[in-house]
Amino acid sequence: MIFRTAVEHAKRHPGLIPQFFFICLGIGGASVYLFRLAKGPHVTWNKTNNPEPWNKLDPTYQYKLVAITTDYKNLKKDGPEF
């Protein structure tokens with residue numbers, strides 16, 4: 001019903017088409033980013049099987065989406081083994 005109304009408005013006012021496109025693009029991008037955050041190593045969905053999953057990550061794991069100044073391939077672990 002909402003989609004049909006949006007299509008009717010777009011037919012009457014063609015200038016709304018880019019606005020609808022960019023709104024859908026923004027919602028889609030935000031959804032993909034939230035899904036990526038929810039599947040990250042710092043999120044615990046099941047505390048009984050693995051309460052601290054971040055301790056089992058390799059030190060070369062890239063945490064950030066874009067790392068400009070950090071070279072993760074040459075990092076060494078600076079902490080104790082748990």
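How many of the 82 residues of this protein count as buried, in percent? The figure is 6%. Buried means under 20% relative accessible area, exposed means over 50%, and partly exposed lies in between, with a 1.4 Å probe and protein chains only.

A word on the source. This is a predicted model, where local features need pLDDT of at least 70, side-chain atom pairs count only at pLDDT 80 or more, and totals for chains, interfaces and linings use all residues. Residues are numbered from 1 along each chain as its sequence is written, and side-chain values use heavy atoms, with hydrogens and water left out.

Now the overall picture. The protein has two helices and zero strands. Both terms refer to DSSP runs, numbered from the N terminus: H or I over at least four residues for helices, E over at least two for strands. The accessible surface comes to about 7600 Å². Carbon and sulfur atoms own 65% of that. Areas come from the Shrake-Rupley method with a 1.4 Å probe, and for residues only the protein chains shown count as cover.

Val-7 is partly exposed, at 31% relative accessible area. Its C-alpha atom is 8.9 Å from that of Ile-17, 10 residues away along the chain.

On to helix 2, residues 16-38, which holds Leu-25.

Phe-22 counts as exposed because its relative accessibility is 53%.

The structure holds one aromatic pair. The rings of Phe-21 and Phe-22 have centres 5.1 Å apart and planes at 75 degrees, so this pair is edge-to-face. The cut-offs: ring centres of Phe, Tyr and Trp (its six-membered ring) within 6.5 Å, with planes under 30 degrees apart stacked, over 60 edge-to-face, the rest tilted.

Last stop, the segment after helix 2, where we find Leu-57. Leu-57 is partly exposed, at 23% relative accessibility. Its C-alpha atom lies 7.8 Å from that of Pro-41, 16 residues away along the chain.
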